[in-house]
Amino acid sequence: MVRDGGRRPILEVRDLKVEFPTRRGTLVAVDGVSFHIEEGEVLGVVGESGAGKSLTGAAVIGLLEPPGRIAAGQILLDGERVDHLPYERMRKLRGKKIAMVFQDPLTSLNPLYTVGRQLVETILTHEDLSAGAARGRAVELLAEVGIPSPVQRIDQYPHQFSGGMRQRVVIALALCANPRLVIADEPTTALDVSIQAQIIRLLKRLCEEHGAAVMLITHDMGVIAETADRVAVMYAGRIVEIGPVREVIRHARHPYTHGLMGSIPVIGHDLERLVQIEGTMPRLTEIPPGCPFHPRCPAAFERCRHERPELMPVDGSTAACWLHDRAA
Amino acid sequence: MATRPAEIEGLALGRGARLFDGLRRFFDGDVFYSFRRSPVTVVSFAVTLILLLAALLAPSLAPHNTYDVASLDLVNAFRPPAWADGGDPRFLLGTDDQGRDVLSSIMFGLRISLLVGFVAVMLAAVVGTLLGLLSGYLGGVLDSVIMRIADVQLTFPAILIALLIDGIVGTLLSPAARRDFKIYVLVAAIAASLWVNFARTVRGSTMVEKNKEYVQAAKVIGVHPGLIMLRHVLPNVLGPVLVIATLSLAIAILTEATLSFLGVGVPVTRPSLGTLIRIGNDFLFSGEWWMTIFPGVALVLLVLAVNLLGDWLRDALNPKLR
Amino acid sequence: MAPAADYRSGKAARPLLRVAGLTKHFDVSPPLLSRLLGGGGRATLRAVDGVSFAIPRGRTFSLVGESGCGKSTVARLVVGLYQPTRGTIEFDGVDMTRLRTRAEMAPLRRRMQMIFQDPYASLNPRWRVLDIIAEPLRVHRLLDDGRAVARRVGELLEQVRLSARDGDKFPHEFSGGQRQRISVARALASNPEFLVCDEPTSALDVSVQAQILNLMRDLQRELGLSYLFISHDLAVVYHISDYLGVMYLGRLVEWGPARAVFRNPQHPYTRMLLDAIPDLEMSGRRRIPVAGEVPSPISPPAGCHFHPRCPFANERCRREPPQPVAAGASQVRCHAVAEGRLGEEVIRRELVAPS
């Protein structure tokens, strides 16, 4: 893969396939997903519930809940394969090279330990510092994420922080070992709108400063518009469109993305009716042949019903849609 | 979309169709699937079924009627099991000191044990569930009162309650009436030791369900609180009740056996497994081991099978494990 | 949309719902024993503090705000799930707070219904969909014959764009969006005039949300419904509301015709909320940065609750709770607005370009 300066992307995912064996057969939840994230870049992964975006994130960090498993594909972190690593090696990687920010700050922090203890514990796991130095670093981190009076608050318990503050602590935890990749799974969904804005800004700034790559998983297009450099739109376990944020949001190439953008209400747009995509995303047991979106697609034609489209370049972006196949 | 009358009328399933649909869903579902897959559970279920049938059909199946005093012959007393020296094929597991067939005694004893166990558990379940429902849904002073009674109740073991009630009843009634009432007293005492478990669990589940939106929706519609409790909340809290009932059955049977062993359980004329064990116990060390061992084995089998079934049920019904 | 005069003067037809001075306090004191031993005092949560508004027939009034602002509590007060501590709720002229027994409330309950946020908890998982939707019919004895009930349920299912056959199924067989439709069908069963919708689309995906919002607008037109719509999502509220009220820590800080509030927000909190919405159009607009967090509703700041986060607060704001004043077509509770301190220049100084 040719990059500026010949640098490798921090994360490369090739043809990832995640399966769930159940008694009714094997369900394919993520089907042949490929993407990469460069240093300092924010890739948004957007999609509705059931699209497979959280599972993709879980697969990358090795936290897939059994019986789910990676059935095929490769995940490369800084050029090294990390899918199918033995448990111990994956555990060492987590925190040090890959960190994760979850949705619910209430359950991400252990309510029985002080914030300081959790930070220090994480720092000491990955870095060789004395306890005092680790504590100093923890205070620095808290200040960096905008917690006022960090020296006092470091000894407080999670329940003494508000939701937004807790999420800041979670971000501090994620960044304390200077990871190369941060996966944020719906980091702002549980927060109020005014706090959301602060947290997004914080995440973006810190990741830029630390030089980390970010995989931002969310269903909220607005958050993507503000934070991401590139965005991947997922549907029924596949990426249907991926490209620079401006391109995907303003000039959607895939009919699903187009429908999705149209169904979002925007202040200032006076519409009688919002764009409505008929039907619902198919269940994993009922994914249609060909293009998974074709039953709901206003522009579907014969080829869409039989052949599954792969991502193809469409001036400036990429989309998996036969409408853009020049060869046809 | 025009409404098609015929199709709309067809949608209301009749009672029979609903039952059939319900059965079909059960056998198709995850619970039955986990049952099929667990050999331990299937065996436990089979054992319980066999013992249940043996108890139910004892009057017809048992080789001898041990209640019929006239048919007893002291000549047959103290016979060992059929395969041992001096055994008689008519008495497969031997006889006791009065010439009663041990196998038949066990079958009739099972009957009593299961009857007392079932009735006690039913009573405890109904009372406990009702009190738990009221306590959890209505809260306030009623809740505090019921829970304090429950706490006090828990400090008394079943045996103590049974002895207490037995003693009180003994002083109030004539010996003849006392004998008749003994079995009701027994059932009540065992139920009294079990209801708290039901009440506590149902109360907890009720308090969770009470805050869910479907209950609030019913309130907004204007449904009577009693109907909300019975029709909305109760079906959703019954799952754990079933599990507790199964496990309580094992406890009830054991409790009854203990009480009978101690002599304060069922009257001797209708011995339960516990009584049989006690009677046989006297002869254990003089060599007639079969009189106590076989009823003991039957008791252990029953309790074990019921317990294992209850264990499986609890895991199968736990939504978090599915 | 009704002209502004209709809303404020009250001279036109009587509003379907009128709420005046609505207040709800919750006692959140620690238990008696803890107080005796630990010395803590009584604590009161002032969830709703003197809220007044009116909803004309056939219109949608939305309440927006962040967590802890009391909008859900207002919804539950209006629908009778809670009793107010003070204030009145008039539904079509009848003061609900005076009705005590279930029998007295019954005719009102038939005319107003509620739709809830969580599609997974708002339908009894053990009931079939037919019984769920038919419940209002049975409780109010609107139809006696089993067939008539089945027919009506079928009609309702079709009205919410589901199939009549779905009545035989259980809720778990449906997706979130479909369950919300079932909730809507249940709410419509008794032919109500007024629906209270508590964040009905917050738990749904964006494309499903669009379907439900479109459905609600269609039903409003077809059946002449009035809505009280609770949401934290300002864009959704923009799309669907005729009138809008912004709540902060139990108080209504700004309210009026929706377009007016969105185009000309007066209250600093309204401005901040609008500015905090992610910029989907990537217009790079400049905005007032968001400061601080929502304080705990148990001990809100004195005076104007918003003063710690307000860039325009002065001494009076810290002492005195503001009274409503008219500002354009809306009403606002803000000293700075009342004193005319918020000129364009003042606002511009606070604006910041996006990072």
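**Reading chains A and C**

Author: We start at one residue pair in a predicted model. C:Val64 stands opposite C:Ser231 in β8(C).

Reader: Which strand of chain C pairs with β8, and in which sense, parallel or antiparallel?

Author: That is β3(C), residues 60-64. β3(C) and β8(C), residues 226-231, pair in the parallel sense over 5 bridges.

Reader: How many bridges join β3(C) and β9(C)?

Author: There are 4, in the parallel sense. Take C:Leu63: its bridge partner in β9(C) is C:Gly245.

Reader: How do I read the side-chain directions in a strand?

Author: In a regular strand, side chains alternate between the two faces of the sheet. Now the case here. C:Thr60, C:Ser62 and C:Val64 point one way from β3(C). C:Phe61 and C:Leu63 point the other way.

Reader: Are the residues of β3(C) buried or exposed?

Author: Buried: 5 of 5, so the strand is mostly covered, given that a residue is called buried with 20 or more other C-beta atoms within 10 Å of its own.

Reader: Step back. What is the domain assignment of chain C?

Author: Domain 1 takes 4-119 + 191-263, and domain 2 takes 265-355. Their C-alpha centres lie 23 Å apart.

Reader: How many residues of each domain are in contact?

Author: 23 residues of domain 1 of chain C touch 20 residues of domain 2 of chain C. On the domain 1 side, β2 (44-55), α9, β9 (243-248), β10 (251-257) and α10 (258-263) each supply at least two residues. β10(C) gives the most, with 6 residues. By class, that side has 15 nonpolar, 4 polar and 4 charged residues.

Reader: And the contact between chains: how many residues come from C and from A?

Author: Chain C gives 32 residues, and chain A gives 32 residues. On the chain C side, α8 (206-223), α9 (234-240) and α11 (268-276) give two or more residues each. α8(C) gives the most, with 7 residues. The chain C side divides into 18 nonpolar, 9 polar and 5 charged residues.

Reader: Why does the radius of gyration of chain A agree with a compact globule?

Author: Compare it with the value for the chain length. A compact globule of 328 residues would have a radius near 20 Å; chain A has 21 Å, so the two agree. Its C-alpha trace spans about 65 × 50 × 50 Å along the principal axes.

Reader: What percentage of chain A is buried?

Author: 46% of its 328 residues. Its secondary structure comes to 12 helices and 12 strands. Among contacts between residues at least 6 apart in sequence, 63% join residues at least 24 apart.

Note on methods. Residues numbered from 1 in each chain as written. Chains lettered and ligands numbered in written order. Predicted model: local features only at pLDDT ≥ 70, side-chain atom pairs only at ≥ 80, totals over all residues. Contact = placed C-beta atoms within 7 Å. Nonpolar A, V, L, I, M, F, W, Y, C, P; charged D, E, K, R; others polar. Domains from an automatic or database assignment. Rg over C-alpha atoms; globule rule 2.2 N^0.38 Å. Buried ≥ 20, exposed ≤ 12 C-beta atoms within 10 Å, placed from the backbone. Pairing = 2+ DSSP bridges.
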